[in-house]
Amino acid sequence: MTIEQLFQSLWNDYTSRLCPSAEKVHQLLQEGHPLINDHIALRTFNLAPLPLAKLAEPFLSLGYQVAGDYSFPSKKLQAQHFEHPDPQQPKVFISELKVSECSTALQHIVTKLIEQVEITPLTRHDFLFAGRLWDICYADYLTLAQESEYAAWVAAHGYGANHFTVSINQLSAFDDVKAINDHLRHAGFSINDSGGEVKGSPVVLLEQSSTMADRVPVEFSDRSERIPGGFYEFAKRYPMKNGQLYQGFVAASADKIFESTDRK
């Protein structure tokens, strides 16, 4: 599988299962040429057989390299981002929940889910967009959500990109994050205002914003419910002293972007 095929598969899963409104975002922002995807993000638990390192393997096999480490103590998360030598390729941000730092109740539910995983029928790349690999009841989902919205999201949706990201640097009609937010709000989208609608600043060389996640139908073992799925992010990068655009992430901003999938 090539890089292009991998990201196309992730996009197909994202738009069909997690964030159907992404197509409308494209219609609103596209300017006669394909939108540049700054990065995608993936989530998991730090338990075998699919911890962060396992999710990274397909990207590493295609030439990606670790480019940054991040910690989110309040959410009990750790993350890494990966870059390809070809700067035209999207960056990849992968996070994982440190399950052992969570409550006994959460550990019990997550362990019960992970024990159901059988990845041998999956190819080396397919698990990245395989969706949920276990059964879970709605009550367990709610229990997880009371402690960790992140854990509940992974438990309900499994594997797939929780967001893609429009690079604002490419656009001519919009040159800042606030203008994007205003345009999308006028079109009916809700913007994540946790920590402010614009996260970051030129000082930290990165500004970001995001829509709130689409509510999508999910089949639990005992019922069907509409819950937060995927969202769309927007990023503007600023030049470093050497003139090149900053390519990393800002933990304080990413911490608030995670909340785009909260149930509020």
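Predicted model: local features only at pLDDT ≥ 70, side-chain atom pairs only at ≥ 80, totals over all residues.

Colleague: OK, at what angle do H5 and H6 pack?

Modeller: Helix H5 (residues 138-147) and helix H6 (residues 149-157) pack at about 150°, with axes 6 Å apart. That makes H5 roughly antiparallel to H6, a label for angles over 145 degrees. Helices here are DSSP runs of H or I with at least four residues, and strands are E runs of at least two, numbered from the N terminus.

Colleague: Which residues of H5 and H6 meet?

Modeller: From H5, Tyr141, Leu144, Ala145 and Glu147; from H6, Glu149, Ala151, Ala152, Ala155 and Ala156. Contact means heavy atoms within 4.5 Å. By class, this contact of H5 with H6 has seven nonpolar, no polar and two charged residues. Ala, Val, Leu, Ile, Met, Phe, Trp, Tyr, Cys and Pro count as nonpolar, Asp, Glu, Lys and Arg as charged, and the others, Gly among them, as polar.

Colleague: And which residues of H5 are buried?

Modeller: Tyr138, Asp140, Tyr141, Leu144 and Ala145, where buried means under 20% relative accessible area (1.4 Å probe, protein chains only). They fall within an arc of 160° seen down the axis of H5, so they line one face of the helix. The arc is taken from the directions from the helix axis to the C-beta atoms. Their cover includes helix H4 (104-114), H6 and strand E9 (224-228).

Colleague: What does the Asp255 side chain join up with?

Modeller: The side chain of Lys75, through a polar contact of 3.0 Å. A polar contact is a pair of N or O atoms within 3.5 Å; within protein, one must be able to donate a hydrogen and the other to accept it, and residues adjacent in sequence count only if both atoms are side-chain atoms.

Colleague: Last one: where is Thr165?

Modeller: In strand E5 (residues 163-167), and buried at 1% relative accessibility. A polar atom of the Thr165 side chain lies 3.0 Å from the backbone oxygen of His39.

Methods. Residues numbered from 1 in each chain as written. Heavy atoms only, no water. Axes fitted to C-alpha atoms, helices over the stretch in contact; angles between N-to-C directions. Parallel < 35°, antiparallel > 145°, perpendicular 65-115°, else oblique. Buried < 20%, exposed > 50% of the residue type's maximum accessible area, 1.4 Å probe, protein only.
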